[in-house]
Amino acid sequence: MATPSASSDRLDILNALTRKALWLSSWTIHHANHIRPNTDGLKVGGHQASSASLATIMSALYFSVLRPEDRVAVKPHASPVFHAIQYLFGRQTREKLENFRGFKGAQSYPSRTKDVDDVDFSTGSVGLGVAQTLFSSLVQDYVHAHGWMKDRREGRMIALVGDAEMDEGNIFEALAEGWKHGLRNTWWIVDYNRQSLDAVVREGLWEKFETMFRNFGWDVVIVKYGRLMREAFAEPGGEALRRWIDNCPNALYAALCFQGGAAFRKHIQDEIGDQGDVTRLLDKRSDDELLALMSNLGGHDMASMLDAFESIDHDRPVCFIAYTIKGVGLPFQGHKDNHAGLMTVAQMEKWRAQQNIRPGHEWDKFEGLTQDASTLESFLASVPFNRDGRRLDDDVLDVPERLTFTAAAQMSTQQGFGLILNDLARSDTALASRIVTSSPDVTVSTNLGAWVNRRGLFARAEKADLFRSEKIPSTFNWAASPKGQHIELGIAEMNLFIMASALGLSHSINGARLLPIVTLYDPFIERGLDALNYACYQDARFMVAATPSGVTLAPEGGAHQSIATPLVGMAQDGLSSFEPAFVDELAAIMKWGFAHMQREAGEGGSLYLRLSTRTIDQPQRIMTPELESDIAAGAYWLRKPGPNAEVIVAYTGAVAPEAIEATGLIGESRRDVGLLAITSADRLHAGWTAARSLRRHRRGVQHLSHIEQLLAPLPRDCGIVTVIDGHPATLGWLGSVRGHRVEALGVEKFGQTGTIDDLYRHNGMDANAIIDAAESLTGAPVRHRKMAV
Ligand SMILES: Cc1ncc(C[n+]2csc(CCOP(=O)(O)OP(=O)(O)O)c2C)c(N)n1
Ligand SMILES: [Mg+2]
């Protein structure tokens, strides 16, 4: 059967597939609520109304407009219609649809990692998927400029956006950043149904958005009326009808859509009825026909949507505003409470009959359509979107045996980070060529300066450093070129993490692996936290270096001090967090990290390095393979405890000097005291959980985790003093590993300025506080204290 060429056949098929996608999405939700056994009695919910709103637009895209190289972020609550379209393509199974929102079933929100049906970008937390398309487009430009696209065509990065989703601030932050970088190839399609979850969207808001998009250099295409409407406007009286529609408040239009044709007739007749042309225009139509006309907004008209998409002949970003009705075609269309609306069994039965779907044939792909199955099959098989494979990959890059740096007797981990990157920048390895750095206006103050000096800023067009060309002395070379490897960002931390997400998926999206390293001040992780979570959920791979951290940045004080971030690092899935004290540890961690960032799904992940500006004495030692592996696993003995240890000190990060000093002083009265250096509470804890689970589930397995092995030699009544410049709970769990008592020191109040000594004393984490804690654990006095200077 040849592919139909005549456009009316084509339109008929696209409309039939739209109806089918809408049916299948509704049936999926209905099945989950009324057919699948549900023992907990919870309503499955499902976003029928939101899906209906987008059914035509998504069908136009997936069945006609999209090319394999395009990537799409689907509005989270349009997940059912997305899965239905994929089912028609043969990429989603009936079993998973029947298990929608169930364990391992099709996901409530499209998920790159949990769904099987070709989700390009996960969505769920509204606003983030939208911004992800923008940053993915910038990353595509980066890959293109570096010559790594091979023979791939540039794709369009497309977001289907809910109108209320536009309230999310991160979208505006992304818009500004996109403008700075000359954004291209990005389409945002706004499902303008003028409804959110609770309410009807405020009148006139959209004009504000429109101006804003145009200001940022976007093309704006408004698709307001469908074909039926345009034809009616051409009739006598049509112009008055158009004016009435344009002036009708959002809430009223929605309410009338819910009430139906008769209600529309009454309102229009009362307001503009003239016993002349307008009245005749209305009288010509039955109530059903009038409702069909009034619901024929642009976003529900296939031909109008295809025209809108196909009219774009440039690569500038485009915002389409498609007028729609939430829940169109369903009994609750337009009702303000329809966000979680479900059809009753009776309503579904009625709709089934209207669609000519026989009981027992609800999942049949072409049931009830007038076209024959072979025509539809061959149409689907010829859809351009499905021509090539869409998930790409790239080779794993070799990681050097050792990451080098110019050592100094005293250094901070932040300084060490800069030195390690400087050595990488000087090397000519493939690994270094794929590193790309980014920072929200703190490039220099997080020590990326040396890297940027050597590798340059990225821009699609060359840009000289004006200070350099004017011969004004400056430590930094800020010239930009298409070969540059640092992407400068404005201050918005949300943008940083979405950029990390986009860079960190480049192997899969563009077939070119990148190793992103992004830097920011540690406390501001919390500003971008949802975007960080989002990036991890998508399994993007990146390294975050956060510095300075804790109260150790002492005189800076205030809300620049971070307390909770070590716990964030531990709790964030997909992110291994480290807080080294010494630079040789950092080099070992980064080396491990570059390999970890490239491991398969389920094995690898991203990294968070919590660094410090505190300059401390560096150990002079040889990095043995054992030490290196202990550092990556999370801990090693800096001083091994003796067989009769009464107490040990376990520390993380910048408080190393206090821990070392206290251990020395305690050691004068208790010979066997040990000192445990913890480089990653997160890895230690994860290893411990994994070992317990293994032992529980596989009888006979004796595997002990790293922390269990380290603590094994300690006598049962030995105490543990833990100390970190962060919340004490980060290390407090160590006592549960083998049942030792713990005194956990750290920071619980923030905001005070002072010297490091002042603040460590104030927060009870200086050497004497460690000694006091050791005393209270052992019940016997420690002979010496540190003298105040
Ligand atoms: C960050 C975030 N906050 C809140 C929600 C809950 N939520 C889901 S959909 C929605 C309203 C969406 O309205 P709109 O974007 O207009 O989509 P529509 O359903 O009308 O298509 C809200 C508040 C969420 N998913 N993410
Ligand atoms: Mg809406």
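Biologist: What is the mean pLDDT of the protein chain?
Modeller: The mean is 94, and 99% of the residues reach 70 or more; pLDDT is the predictor's confidence in each residue, from 0 to 100. Over residues 1-5, however, the pLDDT is below 50. Where pLDDT is low, the predicted coordinates should not be read in detail.

Biologist: At what angle do helix 9 and helix 11 cross?
Modeller: The axes of helix 9 (residues 238-247) and helix 11 (residues 261-272) cross at roughly 105 degrees and come within 11 Å. Helices here are DSSP runs of H or I with at least four residues, strands are runs of E with at least two, and both are numbered from the N terminus. Axes are lines fitted to C-alpha atoms, for helices over the stretch in contact, and angles run from 0 to 180 degrees between N-to-C directions. Helix 9 and helix 11 are therefore roughly perpendicular (65 to 115 degrees; under 35 is roughly parallel, over 145 roughly antiparallel and the rest oblique).

Biologist: Which residues make that contact?
Modeller: Helix 9 contributes A240, L241 and W244, and helix 11 contributes F264, H267, I268, E271 and I272. Contact means heavy atoms within 4.5 Å. These residues divide into six nonpolar, one polar and one charged (Ala, Val, Leu, Ile, Met, Phe, Trp, Tyr, Cys and Pro count as nonpolar, Asp, Glu, Lys and Arg as charged, and the others, Gly among them, as polar).

Biologist: Is L241 buried or exposed?
Modeller: L241 counts as buried, because its relative accessibility is 2%. Buried means under 20% relative accessible area, exposed over 50% and partly exposed in between, with a 1.4 Å probe and protein chains only. Not counting residues up to four places away in sequence, L241 touches F233, I268, I272, L281, L293 and M294.

Biologist: How far apart are the axes of helix 6 and helix 21?
Modeller: The axes of helix 6 (residues 169-180) and helix 21 (residues 493-503) are 9 Å apart, and the helices pack at an angle of about 75 degrees. That makes helix 6 roughly perpendicular to helix 21. In this pair, N170, E173, A174 and E177 of helix 6 meet M494, N495 and I498 of helix 21.

Biologist: Changing topic, which residues does a cis peptide bond join?
Modeller: The cis peptide bond joins T547 and P548, with omega about -5 degrees. P548 lies in the loop between strand 12 (543-546) and helix 24 (565-571).

Biologist: What is phi of R101, and what is phi of N447?
Modeller: Phi of R101 is near 65 degrees, a positive value in a residue other than glycine. R101 lies in the loop between helix 4 and helix 5 and, at 29% relative accessibility, counts as partly exposed. Phi of N447 is near 75 degrees, also positive in a residue other than glycine. N447 is found in the loop between strand 7 (435-440) and helix 19 (449-455).

Conventions: Residues are numbered from 1 along each chain as its sequence is written. Chains are lettered from A and ligands numbered from 1 in the order in which they are written. This is a predicted model: local features need pLDDT of at least 70, side-chain atom pairs count only at pLDDT 80 or more; totals for chains, interfaces and linings use all residues. Side-chain values use heavy atoms; hydrogens and water are left out.
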